[in-house]
Amino acid sequence: MIKKYTVLVTNWLISCNAISEEDRELYEYAIYSILITISPLFLATLVGILLGAVLQSILIILPFFLIRKFSGGYHAKKAGICLIYSSMLLILCIFLSSWVKCNILLLFLTALSAMSLLHFSPIENENRLLSREERICFKKVTTIIVTSIIIAELLLLWFSMYTFVVCISIGLILSASLQYPCIIGKMWNKIDQK
């Protein structure tokens, strides 16, 4: 689906003489990257509108959106499957945000998830391996983002904005949770090699 829109936008740019045919591949890659990057925000807003929970969906997806690019984790093999899984996870998280209470268990799981993200990030995707410099950079960026989110949550707790805390915590926990299949897979591979 995203590939289809990428081609449509590129064809439109070429027909408007905004870009040349020779640059098609470069612009298709750039447009595809932009659409893949903004699709979680678009999806969150759409699901939020449909469920009457726009603010909750944005507060859930925002930490995930910020962390995920640099922390890594499980990736579906195809964009369509990714979209289906992402939609189902987002709907589940929005429903959870209305049931979960801001209590010691949630704060414990949030702290555990933050520590996990700080320890294991970045997790490489088999489709794109990171250089040593990229690993160092991604680790630093993940650390800054996660630390900033935790500080923001502490401030929200201080001001008794519990709904915001719950949603942001769910987004952080979701980010960490999507690392666990990769972490477990690496552990099994090490066991198999012994």
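Select Ser 116 and Tyr 180: their side chains make a polar contact at 3.5 Å. The coordinates come from a predicted model.

With neighbours within four places in sequence left aside, Ser 116 is in contact with Ser 121, Gln 179 and Tyr 180.

Next, select helix H2, residues 24-51. Its 28 residues span 39 Å from first C-alpha to last, close to the 40 Å expected at 1.5 Å a residue. Then colour the buried residues of H2, which are Ile 31, Leu 43, Ala 44, Val 47 and Gly 48. Following the helix is Gly 52, with a positive phi near 70°.

Now turn to the largest nonpolar core, which has 29 residues. Select Ile 60, Ile 67, Leu 90, Ile 94, Leu 117, Ile 149 and Leu 172, the members that touch the most others. At least two core residues come from each of H2, H3 (54-71), H4 (79-99), H5, H6 (132-158) and H7 (162-177). H7 supplies the largest share, 9 residues.

Finish on Leu 172. Not counting residues up to four places away in sequence, Leu 172 touches Pro 63, Ile 67, Thr 110, Ser 113, Ala 114, Leu 117, Ile 149 and Ile 150.

Definitions and conventions: Residues are numbered from 1 along each chain as its sequence is written. This is a predicted model: local features need pLDDT of at least 70, side-chain atom pairs count only at pLDDT 80 or more; totals for chains, interfaces and linings use all residues. Side-chain values use heavy atoms; hydrogens and water are left out. A polar contact is a pair of N or O atoms within 3.5 Å; within protein, one must be able to donate a hydrogen and the other to accept it, and residues adjacent in sequence count only if both atoms are side-chain atoms. Contact means heavy atoms within 4.5 Å. Helices (H or I, at least four residues) and strands (E, at least two) are DSSP runs, numbered from the N terminus. The expected span of a helix is 1.5 Å times one less than its number of residues. Buried means under 20% relative accessible area, exposed over 50%, partly exposed in between (1.4 Å probe, protein chains only). A nonpolar core is a set of buried Ala, Val, Leu, Ile, Met, Phe, Trp, Tyr and Cys residues joined through side-chain atoms within 4.5 Å.
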